[in-house]
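Subject: Structure handover

Hello,

Here is the structure I promised to pass on. Please open it alongside this email.

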Amino acid sequence: MPTPSLTSLPIRRLTLRDLAACADLSENRGWPREEHKCSFLLTAGKGYGIDDPDGGLVGACVVTEYGPQEHPALAAVGMVLVAERHARQGVGRRLIRQVVAAMGATPLTLHSTPYGRPLYEELGFKVTGRAEMLRGHFTPEEPTPRTATRAATAEDLPAILRLDEEVFGVDRTHIITRLPAFADQLRVAEDRGRITGYAAAWPNMDTHVVGPLIARDTETAKALLASLAAHTDRPLRTDIDVRHEELLSWAKERGLGSVAFNTVMTYGITELPGDWTRRFAPLTVAAG
């Protein structure tokens, strides 16, 4: 029988049973398998994929919704991948159009590589910002930051959720409540008994990814980043909003080198909600 055309292959919802196929697809495009992250995203969000008649996936992406379940206020698009042998045949365009149609009036956001940006612009996404990926072994500074930090406890969760919604601009309880199981570290900054920031470090291949990183000011962000680094032997990786120039410079002085830049884009809104001055790094670029 003749091989079906890519345009006739249906797009379906992905489940955790597709985890290995998603990891294979990522590896096929030269990315790490990232099964831990992919499992998190498929559990907390919605995956879309196209099955390859010869096995595996032609392409896939994940959408993470925020706000009320019935009427999400924002959705992040991520992990948009197309198998090498099916590249440049409109598969990515089909997937994004499916997401736009499925989400209706819900505003969308994503972090784009330079390679993907022309496609997203063609489909109506607008550039609203930029993030710089850093990676490396963190060198502690002397003296250590004065801001007090500690490991988060279960009792801290309501305060973390309130702070997160205030800064992110949309409720993402279903994401934040998964952090204790997903991350190896979850730490808070505290001032006179009040939580002024929090950050997580989660395992990804040989690194610990720092995100989310939310703090009332740059000094608090520095303290959280330093405290996470002090409790791991792995290199750190994080994606910092380029408007946080002081934190970027400080992190580079401490040993984190620039790896790449991603463009932050939106669809249906001109700016992301929340307070960017306190939002230093996303949980992951795939989920915002």
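This is a predicted model: local features need pLDDT of at least 70, side-chain atom pairs count only at pLDDT 80 or more; totals for chains, interfaces and linings use all residues.

**Cores**

Start with the largest nonpolar core. It has 41 residues. Tyr66, Leu179 and Tyr198 touch the most other members. As background, nonpolar side chains in soluble globular proteins tend to be buried together.

**Helices α1 and α2**

Helix α1 covers residues 19-28, and helix α2 covers residues 35-44. Their axes come within 10 Å. They cross at roughly 125°. That angle falls between 115 and 145 degrees, so α1 and α2 count as oblique to each other. The crossing is right-handed.

Which residues of α1 and α2 meet? From α1 come Leu19, Cys22 and Ala23. From α2 come Glu35, Cys38, Ser39 and Leu42. By class, this contact has five nonpolar residues, one polar and one charged.

**Helices α8 and α9**

The second pair is α8 (residues 218-229) and α9 (residues 245-253). Here too the axes come within 10 Å, and the crossing angle is roughly 30°. This crossing is right-handed. On the α8 side, the contact is made by Thr218, Glu219, Ala221, Lys222, Leu225 and Ala226. On the α9 side, Glu246, Leu247, Trp250 and Ala251 take part. The class count is six nonpolar, one polar and three charged residues.

**Val58**

Val58 sits in strand β3, residues 57-66. Is Val58 buried or exposed? Its relative accessibility is 1%, and the cut-off for buried is under 20%, so Val58 counts as buried.

Leaving out residues up to four places away in sequence, Val58 touches Leu6, Leu9, Leu25, Ile50, Asp51, Asp52, Leu81, Val82, Ala83, His86 and Val91. Take Leu81 from that list. Val58 and Leu81 are 23 residues apart in sequence. Their C-alpha atoms are 8.5 Å apart in space.

**Asp275**

Asp275 lies in the loop between β12 (257-267) and β13 (279-281). Its relative accessibility is 22%. That is between the 20% and 50% cut-offs, so Asp275 counts as partly exposed. Asp275 touches Glu166 and Val167, again not counting residues up to four places away in sequence. Glu253 is 22 residues from Asp275 along the chain. The C-alpha atoms of Asp275 and Glu253 are separated by 26 Å.

**Backbone details**

Most residues other than glycine have a negative phi, and most peptide bonds are trans.

- Gly211 and Pro212 are joined by a cis peptide bond, with omega about 0°. Pro212 lies in strand β10, residues 207-215.
- Met79 is not a glycine, yet has a positive phi of about 55°. Met79 is found in strand β4, residues 74-82. With a relative accessible area of 15%, Met79 is buried.
- Met205 also has a positive phi of about 55° and is not a glycine. Met205 is in the loop between β9 (194-204) and β10.

Best wishes

How values were computed
Residues are numbered from 1 along each chain as its sequence is written. Side-chain values use heavy atoms; hydrogens and water are left out. A nonpolar core is a set of buried Ala, Val, Leu, Ile, Met, Phe, Trp, Tyr and Cys residues joined through side-chain atoms within 4.5 Å. Buried means under 20% relative accessible area, exposed over 50%, partly exposed in between (1.4 Å probe, protein chains only). Axes are lines fitted to C-alpha atoms, for helices over the stretch in contact, and angles run from 0 to 180 degrees between N-to-C directions. Helices (H or I, at least four residues) and strands (E, at least two) are DSSP runs, numbered from the N terminus. Angles under 35 degrees count as roughly parallel, over 145 as roughly antiparallel, 65 to 115 as roughly perpendicular and the rest as oblique. A crossing is left-handed if the near helix is turned anticlockwise from the far one by less than a right angle, and right-handed if clockwise. Contact means heavy atoms within 4.5 Å. Ala, Val, Leu, Ile, Met, Phe, Trp, Tyr, Cys and Pro count as nonpolar, Asp, Glu, Lys and Arg as charged, and the others, Gly among them, as polar.
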